[in-house]
Amino acid sequence: MTATLAPPVRIGKAAVGALGMLAVATGALESVVTPTLPLLQRELDMSPAEGALLSVVLLITGALVTPIAGKLGDRYGGKRVLIRLMAVVSAGGLVSALAPNLPVLLLGQVLQGAMVGALPLSFILVRKNLPAEESKVAIGVVSGLFVGGGMAGTLSAGPVAEGLSRHWMFALPTIAVIGSTMLVNRLMPHDPPGRSDDAGVDWPGLLLLSGTLVTLLLVLALAPDIGSQPLVLGALVVVLAALVTGWTAVERRAASPMVDPRMLARPAIWKSSVLTFVICVGTSMAVYLVPQLFDVPADEYGFGASATQVGFYLLPGAVAASLAGPMGGIGARRFGSRAVVTAGIVLMAAALIALAAVHTEVWHLVIGKMMISLANGLCVTALVTTTATSVDQSDTGIATSLVLVTRVLGYAVGAQIGGALLTAGTPSGSDVPAESAFVTGFVIAGAVTALSLLVARALSKGVKE
């Protein structure tokens, strides 16, 4: 049965601002491991394999939690689920801050992974409490602030860890998460459950979906080592195919599926998901390659930049990423989502190809990275708003979570491709990749991004903007 929805309670800028503060705090907490991984490996005596595990465990749990959080938010109310989810995230941040060893830190990261589900829950609250046109801008603001928070965490984690300790780089954003959660709880009105469902939680579908996402991320993690582990990778691909088949069959028969396969068939969902994946592949390759190029010694073809200098060089990109969210929301309202996505794709493809051709000065990389960050924010925000406003209000959480999961997967694929290219392009006996490996990476990313224009054109058919 579907419950009768109460008329939306118009919320003010303070409530949207509280959601934005929460997005900044969670984005910062999510991003602190990546720039400080070498430091953590030294302090906790981790092997490279253990360091790789630490770098992806939050990604894996985030991909698992996001669709579940969206579904539960649709069913039981966005605010109710969001506050409980943030309690788990806060506990994870405190565990990470106090962790004396790697196993405890891994536990903290597993709990922190729940934070990725905060975005679809925020979108549920915005959609229920604002008119459709205003909700597009608000979704853009929240999305942009999450991206900006992630970049802020990337920039500040190193100085905090070196100036204070690794414990504080987890503790400070966790304190911000706790404070902003309290503000959301106070300022955001309670939203009624979207539906009353006697079927309960779809546990078989949930378990199969979890297994599918974990196996997929393992396949991506092992893909660069296919030459040394072909049997393991082949077996994982077979398991992945079996899980996808089983999950599809179970969800088609479920009385209340965790993810309705019929929703995936909607043009607004699958086209937005495909576009988000492809665009994020190109973005993540640049996110990986640009700092690596800054780090190449100056007597080779790079700049020999320190960690502090790299953070300074990436600052314009962080600003652009934080501004792209609200710009994308406003653009989607005024010009339509398809126009914003097309403009973002053209800008990103041009920036990637330009970096392949010209990367001999610091400002080349700074401007290129800034353009890519801006373009990615415009595209993802427009696609999320398209998805959020093209489905029933009761399906907002699960629909937007599907797009966000493909964003996570796109980033994982792009980073793996970038790493594989640099590894293959490193001459024997050297620690410095050949310059041609960077050129190849930028060209591939630009070509993949440009090809996504074909899918973007299809958005004009069957998708409500």
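A: We may begin with the cysteines of this predicted model. The sulfur of C280 lies 8.8 Å from the closest cysteine sulfur, in C379, too far for a bond.

Q: What is a disulfide, and how many does a search of the whole structure find?

A: A disulfide is a covalent bond between the sulfur atoms of two cysteines. In this model, a search of the whole structure finds 0 disulfides. For C379 the closest cysteine sulfur is that in C280, and the 8.8 Å between them is too far for a bond.

Q: Are C280 and C379 buried or exposed?

A: C280 is buried, since its relative accessible area is 0%. C379 also counts as buried, at 0% relative accessibility. The cut-off for buried is under 20% relative accessible area.

Q: Which elements make up the protein chain, helices or strands?

A: The protein chain has 17 helices and 0 strands. Of its 465 residues, 53% are buried. Among contacts with a separation of 6 or more, 82% are between residues 24 or more positions apart.

Q: How does one describe two packed helices?

A: Two packed helices are described by the angle between their axes and the distance between the axes. Take helix α4 (residues 78–98) and helix α5 (residues 102–112): their axes come within 7 Å and cross at roughly 160 degrees. That angle makes α4 roughly antiparallel to α5, because angles over 145 degrees count as roughly antiparallel. The crossing of α4 and α5 is left-handed.

Q: Which residues of α4 and α5 meet?

A: From α4, the residues are V88, V89, A91, G92, G93, V95 and S96, and they meet V104, L105, G108, Q109, L111 and Q112 of α5. By class, this contact of α4 with α5 has 7 nonpolar residues, 6 polar and no charged.

Q: How do the axes of α4 and helix α8 cross?

A: The axes of α4 and helix α8 (residues 166–187) come within 8 Å, crossing at roughly 160 degrees. α4 is therefore roughly antiparallel to α8. This crossing, too, is left-handed.

Q: Which residues form the contact of α4 with α8, and how do they divide by class?

A: On the α4 side, the residues include L82, I83, M86 and V89, while those of α8 include F170, A171, T174 and V177. The contact of α4 with α8 comprises 12 nonpolar, 7 polar and 1 charged residues.

Q: Where does M371 lie, and which residues does M371 contact?

A: M371 lies in helix α15 (residues 362–389). With a relative accessible area of 27%, M371 is partly exposed. Leaving aside neighbours within four places in sequence, M371 is in contact with L347 and A351. M371 and L347 are 24 residues apart in sequence, and 7.0 Å apart from C-alpha to C-alpha.

Definitions and conventions: Residues are numbered from 1 along each chain as its sequence is written. This is a predicted model: local features need pLDDT of at least 70, side-chain atom pairs count only at pLDDT 80 or more; totals for chains, interfaces and linings use all residues. Side-chain values use heavy atoms; hydrogens and water are left out. A disulfide is a pair of cysteine sulfur atoms within 2.5 Å. Buried means under 20% relative accessible area, exposed over 50%, partly exposed in between (1.4 Å probe, protein chains only). Axes are lines fitted to C-alpha atoms, for helices over the stretch in contact, and angles run from 0 to 180 degrees between N-to-C directions. Helices (H or I, at least four residues) and strands (E, at least two) are DSSP runs, numbered from the N terminus. Angles under 35 degrees count as roughly parallel, over 145 as roughly antiparallel, 65 to 115 as roughly perpendicular and the rest as oblique. A crossing is left-handed if the near helix is turned anticlockwise from the far one by less than a right angle, and right-handed if clockwise. Contact means heavy atoms within 4.5 Å. Ala, Val, Leu, Ile, Met, Phe, Trp, Tyr, Cys and Pro count as nonpolar, Asp, Glu, Lys and Arg as charged, and the others, Gly among them, as polar.
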